[in-house]
2 protein chains.
Amino acid sequence: MQPIKKVRLSDSVIDAIEAMIDAEQLKPGDKIFSEHELTRRLQVSRASVREAIRILEVTGRVTVKHGKGVYLADYSASRFEPFVAWLQNNEQSLNDSFELRLIIEPDIAALAAQRAEETDIDELNTAHKYFTTCAADANTTEIIKSDRNFHRLLAGASKNRALSMLMHSITTSLPGDWISSLHTPGRIKKTITEHGEVLKAVTHSDSNQARHCMHSHLTNAWADIRNFMHQHTTTVGEPTL
Amino acid sequence: MQPIKKVRLSDSVIDAIEAMIDAEQLKPGDKIFSEHELTRRLQVSRASVREAIRILEVTGRVTVKHGKGVYLADYSASRFEPFVAWLQNNEQSLNDSFELRLIIEPDIAALAAQRAEETDIDELNTAHKYFTTCAADANTTEIIKSDRNFHRLLAGASKNRALSMLMHSITTSLPGDWISSLHTPGRIKKTITEHGEVLKAVTHSDSNQARHCMHSHLTNAWADIRNFMHQHTTTVGEPTL
DNA sequence: AAGGATAACTTGTCAGACAATCAGTCATCT
DNA sequence: AGATGACTGATTGTCTGACAAGTTATCCTT
């Protein structure tokens with residue numbers, strides 16, 4: 001004999017909510033119906049709705065914000081929150097952030113070479129071209145932005161949402177020293193060629209080459225900064241930006 | 001400005017219940033306090049108690065039986081049911097985070113092998129021993145905590161604050177993959193030996209070996225999870241436990 | 001135009017009530 | 001005696017209405 005499975009109401013509500021998400025084509029970050037609206041539509045009490053939402057929350061499908069609403073889980077919100085907070089509140093040392101990027105980004109490039117789709121490569125191409133035109137204008141803030149954008153797009157092409165978000169976090173709050181890398185003489189031109197090589201490898205789906213190119217790109221940038229700083233820090237104390 | 005983290009009442013209730021379980025030395029299968037009793041003791045509404053219990057249920061810590069009561073989840077019973085469901089819903093993010101860890105942690109281990117000081121190694125040793133004792137008790141929450149702690153200490157030993165914070169963030173905000181890896185049968189024992197090998201390499205300042213050990217540790221854990229998931233999802237109908 | 005009070009909407013919590021389920025107890029019927 | 005069914009108490013499941021607390025946009029005052 002098969003015992004009859006009695007379904008808890010909140011479990012049915014979970015299914016209903018997921019069906020709604022599916023039907024409405026909601027994407028991560030979108031707001032879903034309010035608890036009140038759900039009670040009205042599903043004709044169940046708010047307690048049951050809340051229990052369902054609580055479950056959806058702990059299983060990571062939605063995030064609940066007091067006073068605002070319930071949102072489809074967004075990686076950016078939950079995952080690296082404490083890390084981002086730390087990045088914003090602490091001036092990192094140049095070495096630390098370089099070491100971190102040197103660990104992550106070559107592998108990102110390798111993954112991107114394996115997984116990038118046509119649209120990704122198109123976007124990377126336009127971003128690269130835009131960087132080149134910016135370099136001609138010598139508009140430094142725009143140059144920094146477009147450099148950032150290139151690295152982010154690459155992370156996106158890795159098709160790993162965690163990596164993508166992580167790179168987004170890292171690039172939003174770069175240490176001042178890092179930004180200054182593009183101020184060192186000749187670095188912008190070098191960046192153009194180095195990005196170009198990475199992009200070429202990704203386009204050819206050459207994973208190892210992509211990893212290698214990104215590695216040397218970062219290593220070169222690091223070396224240029226160190227040289228630059230060394231020249232300009234004969235005075236004792238912190239290097240001035 | 002440090003934003004004050006407002007804790008949801010049900011979250012506090014969860015902690016309180018777990019503390020009670022700990023204080024009363026309850027074993028799997030034992031009955032815990034009824035909802036009414038919990039409202040009386042904790043002085044919160046039944047709704048909050050119920051939300052807490054619902055969370056404890058989906059995370060597999062307790063099982064609720066209508067008309068009877070709430071019981072500490074026992075190992076033999078269908079403990080894996082919520083876990084498998086979670087795996088299915090989070091397969092993508094599970095893969096993403098393992099890929100991320102597989103990129104970062106081997107290098108962290110390598111750096112730790114180069115830079116760890118005596119105090120770091122001492123801490124890692126005690127953490128490793130504590131994990132071993134926890135494993136004997138089969139206290140899953142504590143096991144997860146101590147596993148987490150080992151990985152964090154290792155990141156700390158890398159002497160790179162950005163990396164350390166990143167690992168801290170990953171281990172806190174992603175209970176999922178951590179919890180899941182230690183739920184698969186036999187994984188805890190394997191973790192003990194694998195952590196031991198990493199620790200040995202770090203102690204000997206063998207950077208390459210440390211990288212290699214961490215790499216296989218994560219690879220093995222990931223493979224175990226995939227096997228487990230595959231076993232429990234390929235059979236048609238209800239998987240027999 | 002700037003800034004502050006206000007109102008509307010949202011989630012968080014509470015209290016009390018009733019329904020549904022379970023496990024005994026006990027009287028009743030065969 | 002043994003099976004059956006009604007009753008009872010405990011426990012979880014659900015509902016309702018209310019208020020607290022956070023967020024946002026608007027309107028009003030200055």
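This is a predicted model: local features need pLDDT of at least 70, side-chain atom pairs count only at pLDDT 80 or more; totals for chains, interfaces and linings use all residues.

A: Happy to. Chain A has 12 helices and two strands. Following the sequence, the order of these elements is α-α-α-β-β-α-α-α-α-α-α-α-α-α. When contacts in chain A between residues at least 6 apart in sequence are considered, 71% of them join residues at least 24 apart.

Now to the helix packing. Two packed helices are described by the angle between their axes and by the distance between those axes. Let's start where the two chains meet. Helix α3 of chain A, residues 46–58, packs with α3(B) at an angle of about 40°, and the two axes are 9 Å apart. The crossing of α3(A) over α3(B) is right-handed. On the chain A side, the contact is made by R50(A), E51(A), R54(A), I55(A) and V58(A), and on the chain B side by R50(B), E51(B), R54(B), I55(B) and V58(B).

R54(B) sits in helix α3 of chain B. Buried means under 20% relative accessible area, so R54(B), at 2%, counts as buried. Setting aside neighbours within four places in sequence, R54(B) is in contact with R8(A), S10(A), E51(A) and I55(A), and also with V64(B).

The helix α3(B) has a partner within its own chain too. Helix α1 of chain B, residues 9–23, packs with helix α3 of chain B, residues 46–58, at about 65°, with 8 Å between the axes. Angles of 65 to 115 degrees count as roughly perpendicular, so that is how α1(B) is placed relative to α3(B). Their crossing is right-handed. From α1(B), the contact is made by L9(B), S10(B), D11(B), V13(B), I14(B), I17(B) and E18(B). From α3(B), the residues involved are S48(B), V49(B), E51(B), A52(B), I53(B), I55(B) and L56(B).

For another pair, move to chain A. Here helix α6, residues 94–115, and helix α8, residues 140–157, pack at about 55° with their axes 7 Å apart. That angle makes α6(A) and α8(A) oblique to each other. In this case α6(A) passes α8(A) in a left-handed crossing. The contact is made by R101(A), E105(A), I108(A), A109(A), A112(A) and R115(A) of α6(A), together with H151(A), L154(A), A155(A) and A157(A) of α8(A).

L218(B) lies in helix α11 of chain B, and its relative accessibility of 1% is why L218(B) counts as buried. Leaving out residues up to four places away in sequence, L218(B) touches F98(B), R101(B), L102(B), E105(B) and P106(B). With P106(B), the sequence separation is 112 residues, while the C-alpha atoms are 8.8 Å apart in space.

T63(A) belongs to strand β1 of chain A, residues 62–65, and counts as buried because its relative accessibility is 19%, the cut-off being under 20%. Not counting residues up to four places away in sequence, T63(A) touches G69(A), V70(A), Y71(A) and A73(A).

Two loop residues have a positive phi. Q25(A) is in the loop between α1 (9–23) and α2 (35–42) of chain A. Its phi is about 55°, although Q25(A) is not a glycine. With 64% relative accessibility, Q25(A) counts as exposed. In chain B, S205(B) is located in the loop between α10 (187–203) and α11 (207–234). This residue, also other than glycine, has a positive phi near 55°.

Finally, a word on cysteines, in case you were wondering. A search of the whole structure finds zero disulfides over all chains. C134(A) counts as buried because its relative accessibility is 3%, and C213(A) counts as buried at 6%.

Terms used:
Residues are numbered from 1 along each chain as its sequence is written. Chains are lettered from A and ligands numbered from 1 in the order in which they are written. Side-chain values use heavy atoms; hydrogens and water are left out. A disulfide is a pair of cysteine sulfur atoms within 2.5 Å. Buried means under 20% relative accessible area, exposed over 50%, partly exposed in between (1.4 Å probe, protein chains only). Helices (H or I, at least four residues) and strands (E, at least two) are DSSP runs, numbered from the N terminus. Contact means heavy atoms within 4.5 Å. Axes are lines fitted to C-alpha atoms, for helices over the stretch in contact, and angles run from 0 to 180 degrees between N-to-C directions. Angles under 35 degrees count as roughly parallel, over 145 as roughly antiparallel, 65 to 115 as roughly perpendicular and the rest as oblique. A crossing is left-handed if the near helix is turned anticlockwise from the far one by less than a right angle, and right-handed if clockwise.
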